[in-house]
Amino acid sequence: CYLEGIVTDSTSGNPINGATVQVLGKSITTLSNATGDYKTGTVDSGTYDVQVSAFGYNTKIITGVVLSNGVLTNLNVELSSGVTITLTGNIFYNLNSSAIPNAKIRFTLGPNVIDATTDVNGNYTINNFVPGVYEVNIQKWGYQPYCQQNVNLVTAPFTQGLDFGIYDDFAF
């Protein structure tokens, strides 16, 4: 039983790279490529639900997809953009609350990485930020880095203080 198709953005029609296509009830998961194409299959014919998800998009479940032995089933999927926020924040020195300019900030959610750098006032802004639970890494030479997993970033702002010190884990 063969399943393939193209995953695209419902607004622009552009292909979505890295969309996860999963046949529910089976241990079958694949990713779309740079042109939005995906291909997968199973030896077991039947009727399945297929879940398609991508970073920044609403997850879609297509029910009742019939897969038959020796038959190619074409399933093109359009995903709509998910909710985004404008994430703002400030990075400062813990001792006196002074701004830390040019601090590097990295937000990681699975394979998705979003980088930012603070301005002269220690502020940063990221437009179209996808809310979620991220790993956050903040570094500036001369300060101890901040690295925290499971940071729930669903609203702005995200502000963090750093302590003076020398440490480099070569994350940036």
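So, the aromatic cluster: Phe107, Tyr124, Phe129, Tyr134, Tyr146 and Phe158 form one cluster together. Please keep in mind that this is a predicted model. Searching the whole structure turns up eight aromatic pairs, and I'd like to walk you through two of them.

Let's take Tyr93 and Tyr143. Where do the two tyrosines sit? Tyr93 is in strand β9, residues 85-93, while Tyr143 is in the loop between β13 (132-139) and β14 (146-153), so this pair ties together parts that are 50 residues apart in sequence. Both Tyr93 and Tyr143 are buried.

Now back to two members of our cluster, Phe107 and Phe158. Phe107 and Phe158 also make an edge-to-face pair, at 6.2 Å centre to centre and 75° between the planes. Phe107 belongs to strand β10, residues 104-109, and Phe158 to the loop between β14 and β15 (160-162), so here the pair ties together parts 51 residues apart in sequence.

The side chain of Asn137 is joined to that of Gln139 by a polar contact of 3.4 Å. Leaving aside residues up to four places away in sequence, Asn137 touches Lys104, Ile105, Arg106, Tyr146, Cys147, Asp169, Ala171 and Phe172. And Tyr146, you'll remember, is one of the cluster residues we started with.

How values were computed. Residues numbered from 1 in each chain as written. Predicted model: local features only at pLDDT ≥ 70, side-chain atom pairs only at ≥ 80, totals over all residues. Heavy atoms only, no water. Phe/Tyr/Trp six-rings, centres within 6.5 Å; stacked < 30°, edge-to-face > 60°. Helix = DSSP H or I, 4+ residues; strand = E, 2+ residues; numbered from the N terminus. Buried < 20%, exposed > 50% of the residue type's maximum accessible area, 1.4 Å probe, protein only. Polar contact = N/O pair within 3.5 Å; in protein donor to acceptor, adjacent residues only side chain to side chain. Contact = heavy atoms within 4.5 Å.
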